[in-house]
Amino acid sequence: MKSLVLAEKPSVAKEIARVLGCQQKHKHYMEGPGYVVTWALGHLVTLAEPEEYDPKYKNWNLDDLPLLPSRMKLKIIRETTPQYKAIAQLAKRSDLEQLIIATDAGREGELVARWIMEMIHWKKPFKRLWISSQTDKAIRDGFASLKPGQSYDPLYRSAVCRAEADWLIGLNITRALTCKHNAQLAAGRVQTPTLAAMMDREREIKSFQAKDYWMLRAQFGSFQAVWRSQAHPDGRLFDKAAADALLERLNKVRSAKVAQLKVAEKSEPHPLAYDLTELQRDANKRHGFTAKQTSNVLQRLYEQHKLVTYPRTDSRYLSSDMVSTLPDRLKALNVQPYAAWIKPLLAKPLPVSKRVVDDSKVSDHHAIIPTDERPQLHNLSAEERKLYDLIVRRFIALFTPAFRYDETSVTLEVGGEHFHAKGRIVKEAGWKALYEASAGTDEDDDTAEDEPASRQTLPPLQPGMELKEFRLSQHKQTTKPPGRYTEAALLGVMEKHNLGTPATRADIIEKLLQTDTIERRMNTLQPTGKGAQLIELVVPELRTPELTAAWEQELERISKGKGDAGKFMESIRKQTETIVREVKASEAEYKPHNLTHSRCPECGKPLQEIKSKRGKLLVCSDRECAYKRAAEPALSNKRCPQCHKRMEIHTGKAGKYAQCRPCNVVEMLGESGGGGRAAKRQQAQLAKQFSDNVSLGSSLEEALKAAMAKHKKD
């Protein structure tokens with residue numbers, strides 16, 4: 001008898017099949033002596049659409065809401081039906097005694113497999129492969145210690161609750177807002193409080209009023225000190241006259257005295273290992289990666305290159321059973337540019353502290369660390385190399401000493417006033433030496449702009465010492481509003497308020513971007529006019545993170561077998577009814593923020609400008625009207641001979657032409673519509689067709705001329 005193995009993707013199935021010795025390849029599965037390995041393509045089964053409950057729901061109607069099916073139905077995703085049917089056929093084989101779920105070891109992976117099992121009516125026993133890396137050894141060890149499938153029933157229940165809650169809340173509020181305001185308005189259980197957090201920051205920025213202030217500084221030869229007092233602990237004076245009077249009075253003083261001197265030895269322990277959110281934040285700060293970009297690159301490092309452990313983790317610690325594997329992981333990293341760090345670590349027992357290993361802080365998966373696979377760095381793309389480098393350095397840092405330094409604090413008295421300075425002498429760079437070559441350190445730079453550099457070097461000083469040489473100066477500065485969120489900062493806010501999970505936060509941000517609710521500007525995110533209005537239209541309960549955080553915590557309890565799935569879904573249904581009722585009763589109005597002066601040629605209503613993957617589009621503001629057209633002309637592959645930018649494609653009476661508006665350059669185009677490779681291939685074929693004695697190596701233009709001349713003669 002054989003086991004049917006269900007992986008999440010073909011690439012993972014291929015690796016599992018290779019390790020299990022399944023060499024017979026078929027279109028939808030691979031087979032060996034003891035196993036038949038097949039795969040999903042992500043989700044093959046999903047929740048049914050409203051029209052599959054009743055055809056009338058295909059048309060969006062406010063009176064039909066809320067949609068609250070008594071029992072949620074499943075459907076097969078049309079695009080992946082052939083693979084689903086193949087799995088259903090395999091399930092009927094009499095020589096298969098059990099199913100092994102080998103989808104991703106997480107909530108979403110569990111849902112992928114269980115919904116397929118439900119649809120194919122799997123009644124035989126099933127087990128669970130639960131591994132944290134895709135190396136051959138991890139796969140072999142995982143199959144040697146398969147877990148009972150029923151052990152993950154709570155995780156499955158939690159996954160179903162999350163999916164159904166998102167369907168009920170998201171679908172109902174999106175339909176309600178869209179029908180009520182005749183505009184495409186999307187809201188949801190997690191994306192709406194995330195947008196609300198951004199709007200709160202936007203209000204802070206808009207209500208902020210800048211104020212001028214003055215600071216007094218003293219330059220004592222090689223170091224600088226800043227004035228402070230009990231009344232002004234931050235040293236900022238908002239009264240110019242008071243600042244001038246203070247400076248004038250102190251300028252008459254001829255000496256300063258060291259009033260207080262304190263030397264303290266300080267240390268900073270290494271940062272914790274990465275979970276997904278922290279890695280996304282760090283990759284955004286250091287390399288400008290978006291959260292989604294980090295997730296995608298990380299998945300390739302995990303699946304394709306097998307260089308890192310399971311990505312979608314929320315733990316920053318390792319479990320005690322991993323300690324024995326740490327030397328082998330470090331040995332695999334004994335390559336350039338990490339060898340200089342690895343060799344000293346391998347020469348003695350590893351210092352494994354509670355800051356690295358803590359079983360109580362590891363749930364389904366441990367932190368993201370390198371596997372014991374030796375990296376072939378030349379095979380990685382630039383993005384993969386950068387992300388892998390972050391993970392490797394953070395892993396090595398776990399076993400390196402703390403950053404130690406002596407911090408000297410000095411208070412100098414000048415005419416009864418006090419000036420303060422700090423200096424730092426590094427005693428041991430420790431883990432920070434790992435980051436000397438890269439920009440910044442692992443910690444946020446929170447040094448206030450008004451502070452002299454705390455890392456300046458102070459000369460030898462003694463209490464009571466007098467300093468005769470110093471110069472006072474006054475500095476005018478202006479208070480600054482809080483900054484807009486970077487992606488790293490927004491991920492931090494989502495994590496703090498329990499909005500989403502490490503696995504879903506990147507998708508939430510992308511969804512807000514795709515629906516034109518927020519936009520990227522340089523390296524920051526900010527709400528659009530649509531987002532600003534949307535947050536006013538949704539019900540207050542959905543704006544605050546507290547409700548969503550409570551839901552997330554209950555889902556977590558359900559996944560651990562402590563929560564009640566039935567009660568949770570009952571509360572979601574009641575909340576859905578309340579939300580829809582409030583939207584229906586609302587008297588708020590929505591005014592599209594992106595209306596243009598152009599009118600729809602079909603219904604006469606104003607056109608809206610929206611962003612799409614293919615560029616800007618003009619779309620009718622009436623949701624019932626399907627009219628749309630490109631807002632910008634398409635670009636050809638032909639470059640302007642003057643400015644070298646791509647030229648626009650237009651169609652005139654004489655046919656298609658390329659135009660560079662700034663340079664006023666116009667060139668006719670052939671049917672291919674461009675001057676790129678396709679056009680050059682077409683020209684080369686034309687030359688070959690009509691010329692049998694002209695070399696194309698020197699000048700394509702001359703060859704074409706000769707070919708066309710011969711064609712005319714013929």
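Trainee: Leaving aside neighbours within four places in sequence, which residues is Thr-408 in contact with?

Mentor: Thr-408 is in contact with Leu-261, Lys-262, Val-263, Ala-421, Lys-422, Gly-423 and Leu-458. Contact means that heavy atoms lie within 4.5 Å. The model is predicted: local features need pLDDT of at least 70 and side-chain atom pairs count only at pLDDT 80 or more, while totals for chains, interfaces and linings use all residues. Residues are numbered from 1 along each chain as its sequence is written, and side-chain values use heavy atoms, with hydrogens and water left out.

Trainee: Why is Thr-408 called buried?

Mentor: Buried means under 20% relative accessible area, exposed means over 50%, and partly exposed is in between (1.4 Å probe, protein chains only). Thr-408 has a relative accessible area of 14%, so the term buried applies to Thr-408. Thr-408 lies in strand β13, residues 403–414. Helices (H or I, at least four residues) and strands (E, at least two) are DSSP runs, numbered from the N terminus.

Trainee: How many helices and strands does the protein have?

Mentor: There are 20 helices and 26 strands. Of the 714 residues, 48% count as buried. The C-alpha trace spans about 95 × 75 × 75 Å along its principal axes. Among contacts with a separation of 6 or more, 71% come from residues 24 or more positions apart.

Trainee: What makes Glu-546 exposed?

Mentor: Its relative accessibility is 54%, which is over the 50% that the definition sets, so Glu-546 counts as exposed. Glu-546 is found in helix α17, residues 545–559.

Trainee: Which residues of helix α15 are buried?

Mentor: In α15 (residues 529–537), they are Lys-530, Gly-531, Leu-534, Ile-535 and Leu-537. They cover an arc of only 155 degrees around the axis, so they are on the same side of α15. The arc is that of the directions from the helix axis to the C-beta atoms. These buried residues pack against α5 (153–181), α6 (191–207) and α16 (540–543).

Trainee: What makes helix α13 mostly covered?

Mentor: Seven of its ten residues (487–496) are buried: Glu-487, Ala-488, Leu-490, Leu-491, Gly-492, Val-493 and Met-494. Their cover includes α6, α8 (276–287), α9 (291–303), α14 (505–514), β17 (518–521) and β18 (524–527). Just after α13, Asn-498 takes a positive phi of about 60 degrees.

Trainee: In what order do the seven strands of the open sheet stand?

Mentor: The order is β2-β3-β4-β1-β7-β8-β9, with mixed pairing. β2 (24–25) and β9 (147–148) stand at the edges because each has a single partner strand, and one side of each is left without a neighbour in the sheet.

Trainee: How do you know that β8 and β9 pair?

Mentor: Two strands pair if DSSP finds at least two bridges between them. Strand β8 (residues 126–128) and β9 have two bridges, in the antiparallel sense, so they pair. The bridge partner of Lys-127 is Pro-148 in β9.

Trainee: How many bridges join β25 to β26?

Mentor: Four bridges join β25 (residues 655–660) to β26 (residues 665–668), and the two run antiparallel. Four meets the requirement of at least two, so these strands pair as well. One of the bridges links Gln-659 with Val-666 in β26. In this hairpin, which has four residues between the strands, Asn-664 takes a positive phi near 55 degrees.
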